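Please examine the sequence and the model shown here.

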Amino acid sequence: MLIPPNQIRISLINAPEFNLEYLWWLTILFFVLAVIYFIGVFVIRNKISSKNKRTKNKKVEFSPMINEFLFYDDSNTKEEKMNYLNLKIQIRELIKNDFDRKVLTEVLLDLRKDLSGNSQKVLIDLYKDLGLHHDAFQKLGSFRWQVVSRGIQQLTTMEVEDAYGLVIKFINHRQSTIRKQAEIAVVNLKEEGIKYFLDNTRYKIAEWQQLKLLDVLRHKPNYTPPQFGLWLTSDNTHVVLFALRLIKYFKQNDAEQSIITLLKHKKRDIQAEAIQCIIDFHFTNAILTLKLVYKKASHDIKLSILDAIGELGTIAEVPFLENLQLTERKFHIKNKVISTLNKIDPERILPTKNIETSEFYNVYFDENDQALVNEFAEDDEETYVENTTDEIATEVEMDSETLEEIDEPITTVDHLNTDNQTEIINEDVLVDEALTAETDFINVALDDALPKKETNVISSTAGLDLSFLPHIENEKTMEEVVENSLDDNNSKAEISSEDDVEQSVEDEEFSFHFLPVVVDEISTKNEIPTFEEDDFEPLFLLNETAVLDEGKENEMENSNEDSKSTIAEIDWSSVNNAANDDNEIVVTDANAIEEMISFKNNHISFSPNFISQKELDAMVLLENIHEMGDSRELELLHDIIEENSSEIVTERANQIIQKFSYQSLRPSELFSEEKGFGDSVFTDIYHRADYETKLMLLDEIMNVGTTKEIQLLENIIESESNELVDKATEVLSFIKSNSNNKLPETFLEQDSIFSVDFELDLNEAAKQNSLDSNENGSTLFDQLCNMSNSLYNKLNG
Amino acid sequence: MGNRVLLADDDQLLASLLNFRLKKGGYQVHHSSNGKEVKEYLQNEMPDIIVSDIMMPYCSGIELIDYVRNELKSKTPIIIISSAGNEQNVLTAFELGANDFITKPVSPTELLVRIAREINK
């Protein structure tokens with residue numbers, strides 16, 4: 001319900017009572033203040049304008065005077081000289097007035113900025129001559145920092161050297177403006193000012209201030225900078241930083257160790273500047289320290305360090321960088337590491353991100369096109385084989401410069417005329433062949449006793465790829481080996497990488513002694529070393545990936561050392577004399593079967609000499625016999641000689657026969673208990689075999705076993721499980737029955753000492769098989785080989 | 001009578017100094033302190049050479065070059081004096097037809113030599 005206004009007696013809000021007379025007084029007061037303000041502004045403005053106008057007029061008044069002074073020369077006329085003297089008197093009178101002096105000073109300072117050359121010099125002299133610098137000196141004593149600063153600036157601009165002693169005390173002034181102005185003045189006024197400044201300043205030197213100081217030094221005519229490296233030991237880190245920048249600018253590289261030490265400084269700026277100096281001056285000694293500080297450096301310093309390593313580093317830094325690549329987590333640093341790696345070793349790391357797999361680009365053909373594709377594929381394969389063969393043949397090329405030097409050292413050696421061995425090596429690489437007979441080696445050696453020129457020539461063959469030649473023993477110096485492997489269908493050359501080579505040197509050994517390597521007639525009459533045949537014996541396994549046992553490896557190493565020691569004794573003079581004039585040397589087989597190494601037209605080429613599969617099989621068999629066989633294989637060796645017409649095979653077989661003939665024991669010795677030949681050859685294998693193998697072994701014993709296996713079978717029957725016992729019993733009975741039938745023949749054979757077919761005749765069927773295939777040989781050795789193959793195949797699926 | 005030189009510079013002190021030196025060098029100098037005066041002068045009279053600052057009131061030195069070369073179609077030598085000697089200014093001045101460019105601080109003696117060379121071309 002609303003209450004009518006007329007019924008309200010007490011108002012809630014009362015207006016304050018105000019005396020109107022005060023209002024008028026206040027109005028008048030504000031009006032007066034406004035008038036005073038405007039009058040003040042008007043007066044001050046007029047005063048400034050008047051002053052400016054007066055100043056301008058004074059400048060106009062001074063200008064012709066100054067012009068007269070600036071362009072006065074002695075060639076002027078007498079009137080001009082009189083005028084000049086009058087002006088000088090006049091201006092001296094004028095500057096007695098403070099305002100006039102101030103204006104004149106301003107004029108001169110303005111003109112100083114616009115003038116150069118001789119006019120500037122005259123202007124400065126005029127300033128000093130009129131004594132205007134005394135005003136500046138007075139300003140230095142002012143309590144107002146801006147006045148002091150202006151006084152210092154004025155003295156600096158007018159190059160008043162007398163002010164140097166007054167200004168240096170402001171170097172460590174607490175007011176930064178005065179301090180900065182004083183720093184510039186000190187550096188500007190005298191050449192040694194920079195030394196005083198760097199020695200005494202205790203305050204921070206701002207970046208902008210450093211630039212200004214550097215600018216001052218840069219524009220000093222005929223300035224000889226001091227050794228700024230002296231201030232790298234300053235307690236003021238800003239001085240150290242500034243000194244580093246000055247060192248870099250003035251290219252003073254006489255403080256290498258100090259700069260390298262500053263890499264370990266706590267201040268990043270100093271670290272960064274030191275790194276820049278190291279890069280600029282190419283201090284390669286800093287690399288170790290750079291690596292050292294990298295780990296605890298900040299991100300920007302890490303980037304700088306990587307830059308430095310990229311500039312200064314060599315391939316030796318690659319492992320460090322590769323480690324960083326694995327450990328760095330920061331994206332940008334990791335990228336920098338990769339770029340540094342590629343900088344040191346171009347294209348070491350290829351792009352991997354967002355790269356499609358090769359399958360992505362595979363093109364699928366329909367059935368009609370498939371035949372065409374296959375045809376192309378076959379062509380490519382053939383081409384590949386041809387190319388690889390060509391590559392091997394022409395892989396090593398010597399430049400003409402090298403071959404000019406090689407005239408004399410390259411020699412032709414015919415080992416057939418001598419019993420010596422020659423070996424092709426350089427100072428570091430030894431190439432050996434595993435032929436047992438002395439006449440089977442062809443070694444051309446270059447020793448240290450050679451004349452220096454010749455030695456250099458041979459050293460140049462370090463770049464030659466001799467890897468298709470037999471095993472290279474020295475791992476340290478061997479850089480690359482080309483591994484030739486012959487597959488079932490055709491010869492195929494395979495070039496292994498350096499990493500693979502190391503593995504292959506440890507695990508594999510290649511014998512290329514079946515290759516015909518014979519040189520033309522050369523007289524290597526004396527001092528060509530001979531090697532023990534066993535030192536170079538190759539090792540062949542059935543799967544062509546022979547594993548070199550440790551003893552053999554040691555043997556090979558020893559032989560290598562021996563070879564090196566004997567190489568030094570080679571008399572190369574005779575070899576050199578034998579070199580033909582055409583600079584062409586061909587190293588061939590004794591029967592000139594195939595050319596293997598040729599030196600033609602300033603190029604050395606090596607071509608592989610592959611033999612037929614049949615010969616290869618025979619050689620493999622011969623090597624296995626040589627390695628594991630004994631005199632019992634003599635008949636098989638004779639059979640191999642009859643079967644094969646190849647001279648290589650025949651020669652090798654004869655060597656083995658010769659060896660076994662001299663090594664073979666008398667039958668009484670052979671079957672004595674001490675030698676163990678009276679025991680079954682299966683004994684050792686049996687005890688190391690698993691259950692299934694034992695069963696297979698018993699089957700084999702049944703096929704090829706003799707009475708020597710009886711003891712083994714009896715032991716089996718006594719000690720083994722039922723199934724083996726049953727099998728052994730069966731085999732035992734079978735052998736006993738066979739032995740009863742052939743016993744007289746065996747006894748007859750034992751009487752013959754030199755007729756060694758005593759065992760082979762036991763099983764004619766097996767003998768026949770051995771001639772058909774080396775995998776089904778009739779001798780015990782063949783059977784063992786077969787078993788080994790079977791086991792191997794079984795284990796490897 | 002010497003060659004006529006138009007000196008266009010708003011800096012009174014430098015202009016006075018150069019004026020004095022040029023007159024002492026035998027030239028007839030007309031000084032204008034802004035671009036407007038320069039244009040008015042050029043409409044009535046064409047000097048033998050123009051020496052101009054770049055930064056002037058009403059009309060900059062670059063505009064003055066353009067005016068002389070493209071509107072007045074005059075081949076009068078023009079020497080530019082400027083403290084703003086950055087590359088852009090220099091290139092622009094030469095592209096528009098300036099004959100020479102001098103950066104402050106300037107040596108009056110050098111200026112005389114350059115003027116004489118341009119006039120005698």
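pLDDT is the predictor's confidence in each residue, on a scale from 0 to 100. Since contact is also used below, it denotes heavy atoms within 4.5 Å. The model is predicted, with local features needing pLDDT of at least 70 and side-chain atom pairs counting only at pLDDT 80 or more, whereas totals for chains, interfaces and linings use all residues. Residues are numbered from 1 along each chain as its sequence is written, and chains are lettered from A in the order in which they are written.

In chain A, pLDDT stays under 50 over residues 743–777, a stretch with 56 contacts beyond four places in sequence. Residues 383–607 of chain A likewise remain under 50, with 414 such contacts. The average pLDDT of chain A is 70, and 59% of its residues score at least 70.

Chain A contains 33 helices and six strands; these are DSSP runs, helices being H or I of at least four residues and strands E of at least two, numbered from the N terminus. Of its 797 residues, 44% count as buried, that is, under 20% relative accessible area with a 1.4 Å probe, protein chains only.

Chain B holds an open sheet of five strands in the order S2-S1-S3-S4-S5, with parallel pairing; strands pair if DSSP finds at least two bridges between them. Its edge strands, S2 (28–32) and S5 (100–103) of chain B, each pair on one side only. Within chain B, strand S3 (residues 49–53) runs parallel to strand S4 (residues 78–82), and four bridges join them. B:Ser52 has B:Ile80 in S4(B) as its bridge partner.

Terms used
Side-chain values use heavy atoms; hydrogens and water are left out. Buried means under 20% relative accessible area, exposed over 50%, partly exposed in between (1.4 Å probe, protein chains only).
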